[in-house]
Amino acid sequence: MTKPSSALDRVLVLEMVRVTEAAAIAASKLIGRGDEKAADAAAVEAMRASLNMLDMDGTIVIGEGERDEAPMLYIGEKVGKASKGAPAIDIALDPLEGTTITAKAGPNALAVLAIADKGCLLNAPDTYMDKIAIGPGYSDGLVSLDKSVTENVEALAREKGVAPGDIIACVLDRARHDKIIAELRGIGCGIQLIPDGDVAGVIAVTDPDTTIDIYFGQGGAPEGVLAAAALRCVGGQMQGRLVFRNDDEKRRAAKWGITDLDRIYTMNDMAKGDVIFAASGVTDGSLLDGVKRLRGGGLTTESVVMRASSGTVRYVKSRLQREPATVA
């Protein structure tokens, strides 16, 4: 059982919802406008302003990039009021997980973040990561990145008590996944191809209503850590292995203390101890409804917040009587 963190007790769980909610509302103004950068910038600014209202000594360990690449919410940036005695918190975030989705008004765009005690979140470089994930209730170590797609599906099907062809997999719709897709179809699996948003894709394995049994594929390493944090809270299994395309990415990994370039990270390696995960919908999706503007003014939002130590999952529906005047 995960021991509760006294530091996280001081950063109220519902305060994290307010942070992701602010980012989602800001980004929602750009839904369908075709401008990915503007949508992302709006979410970043709103999330940063909300984090800086909290009494914590926060450090961004996964954010918008390194300092020379991102003016706000960069890796290493300090956020929060940090009054005397304020808890030291590490933060992984993606103010807009699904910039293209938002620009094109597609499904499953989210504002997401995870917080934990200092040193408990993997400081993953901005590279790709091979990922595999399943939901709760299965034997430990049932699936592995060291096994083939077929071996993983067959193991999962045996334990679930179904044929391999009855398994549904979620995969990002990318050319780099053609071999995975072909192997899955070769054994008769159903596949839900998603255009973007692999945080929501990984989390979908925990919700029976999605009918998704397993997630396969290569996506962003920062998103992998966020997804691992969510699975820590609700149960499931996940592995990730960093993918390095060039020497520059290897040097950046070394900068963050990563020397074993072939290491397979478990869910607990990526998000240790007590973890809080929060997400708010920007557009409608399998996990959450998006921001809705109401006739006559006002809007509604839907968010989820989870905590590892209690296993609590809270869905929060909010109705604001008027559009927020500022990002804060």
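Trainee: How does Arg-174 count in terms of relative accessibility?
Mentor: In this predicted model, Arg-174 counts as partly exposed at 26% relative accessibility, where buried means under 20% relative accessible area, exposed over 50% and partly exposed in between, with a 1.4 Å probe and protein chains only. Because the model is predicted, local features need pLDDT of at least 70 and side-chain atom pairs count only at pLDDT 80 or more, while totals for chains, interfaces and linings use all residues. Residues are numbered from 1 along each chain as its sequence is written, and side-chain values use heavy atoms, with hydrogens and water left out.

Trainee: Which residue forms a salt bridge with Arg-174?
Mentor: Asp-196 does, with the closest N and O atoms 2.6 Å apart; a salt bridge here is a side-chain nitrogen of Lys or Arg within 4 Å of a carboxyl oxygen of Asp or Glu.

Trainee: And how many salt bridges does the structure hold?
Mentor: It holds 14 salt bridges.

Trainee: OK, switching to Glu-302, is that one buried or exposed?
Mentor: Glu-302 counts as buried at 11% relative accessibility, whereas Lys-317 is exposed, with a relative accessible area of 61%. Salt bridges with shared partners join Asp-289, Glu-302 and Lys-317 into one network.

Trainee: How far apart are the closest N and O atoms of Glu-302 and Lys-317?
Mentor: They are 3.5 Å apart in that salt bridge.

Trainee: What about Lys-78, which residue does it form a salt bridge with?
Mentor: Lys-78 pairs with Asp-57, the closest N and O atoms being 3.6 Å apart, and Asp-57 is partly exposed, with a relative accessible area of 27%.
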